[in-house]
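Work through the exercises below with the sequence and the coordinates at hand. Each task is followed by a solution in steps.

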Amino acid sequence: MKFKSNFSFARMLRRAESKAFQKKTSESIVNPMVTDSKEFIKSNKVTPATSAKTLKERRERKSPKSIGGNTTLYDTGKLYKSLKRSKSVPYGIDMVSYGKRHLEGDDVPQRNFLTLSEKSENEASKKIVDTLVEASMTK
């Protein structure tokens with residue numbers, strides 16, 4: 001009995017370890033995460049909500065002007081605008097330094113504002129699987 005395959009695990013593994021694959025998967029996951037996280041912030045779904053004391057300080061402050069009203073983590077828009085896919089770290093997101101402080105709860109309330117919607121997650125998974133399947137097919 002003879003078997004013939006049009007599928008190569010070795011080829012798929014080489015592809016998965018390549019810089020091109022890392023870049024493509026990073027773009028497939030991180031770009032939608034940045035978009036979804038910005039929407040999450042702007043739609044005021046971040047918890048815990050901004051404290052009454054902080055909201056009062058925002059209203060009374062002369063500069064920089066607050067554009068976010070009562071929206072948590074959207075006071076001046078600086079954090080929102082800074083969210084970008086990292087060009088130097090695969091699967092990384094660049095942001096202003098206080099964004100990391102909020103993620104970790106470092107002297108501020110911990111707020112996990114990074115999110116990936118189910119739709120974006122499904123689309124990213126499909127792109128990654130399609131890329132791996134394509135890479136594994138022998139010619």
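This is a predicted model: local features need pLDDT of at least 70, side-chain atom pairs count only at pLDDT 80 or more; totals for chains, interfaces and linings use all residues.

**Exercise 1. Where does Asp107 lie, and is Asp107 buried or exposed?**

Solution. 
- Step 1: The loop between helix H5 (97–104) and H6 contains Asp107.
- Step 2: Asp107 is not a glycine, yet has a positive phi of about 65°.
- Step 3: With 75% relative accessibility, Asp107 counts as exposed.

**Exercise 2. Which residues do the cis peptide bonds join?**

Solution. 
- Step 1: Pro48 is in the loop between H2 and helix H3 (52–60).
- Step 2: Another joins Ser63 and Pro64, also with omega about -5°. Pro64 belongs to the loop between H3 and helix H4 (78–82).

**Exercise 3. How many aromatic pairs are there, and what geometry does the pairing have?**

Solution. 
- Step 1: Rings of Phe, Tyr and Trp (its six-membered ring) pair if their centres lie within 6.5 Å; planes under 30 degrees apart count as stacked, over 60 as edge-to-face and the rest as tilted.
- Step 2: The count under this rule is one aromatic pair. The ring centres of Tyr74 and Tyr80 are 5.2 Å apart and the planes stand at 80°, so the pair is edge-to-face.
- Step 3: Tyr74 is buried at 10% relative accessible area, and Tyr80 counts as buried at 19%.

**Exercise 4. Check the length of helix H6 (residues 118–136) and find which residues are on its buried side.**

Solution. 
- Step 1: The expected span of a helix is 1.5 Å times one less than its number of residues. For the 19 residues of H6 this gives 27 Å, and the end C-alpha atoms are 27 Å apart, which agrees.
- Step 2: Ser120, Ala124, Ile128, Thr131, Ala135 and Ser136 are the buried residues of H6. They cover an arc of only 135° around the axis (directions from the helix axis to the C-beta atoms), which puts them on the same side of H6.
- Step 3: An α-helix has 3.6 residues a turn, so residues three or four places apart point the same way.
- Step 4: The face turned away from the buried side of H6 carries the exposed residues Glu118, Lys119, Lys126 and Glu134.
- Step 5: The cover over the buried residues of H6 includes helix H1 (9–16) and helix H2 (19–42), where contact means heavy atoms within 4.5 Å.
- Step 6: Ala10 lies in H1 and counts as partly exposed at 47% relative accessibility. The C-alpha atoms of Ala10 and Ser136 are 7.7 Å apart, although 126 residues separate them along the chain.

**Exercise 5. What is the order of helices and strands, and how does the radius of gyration of the protein relate to the globule rule?**

Solution. 
- Step 1: The protein has six helices and two strands, in the sequence pattern α-α-α-α-β-β-α-α.
- Step 2: The radius of gyration, taken over C-alpha atoms, is compared with a globule rule of 2.2 Å times the number of residues to the power 0.38. The radius of gyration of the protein is 21 Å, well over the 14 Å that the rule gives for 139 residues, so the protein is more spread out than a compact globule.
- Step 3: Along the principal axes, the C-alpha atoms fill a box of roughly 80 × 25 × 20 Å.
- Step 4: Of the 139 residues, 29% count as buried.

Methods:
Residues are numbered from 1 along each chain as its sequence is written. Side-chain values use heavy atoms; hydrogens and water are left out. Helices (H or I, at least four residues) and strands (E, at least two) are DSSP runs, numbered from the N terminus. Buried means under 20% relative accessible area, exposed over 50%, partly exposed in between (1.4 Å probe, protein chains only).
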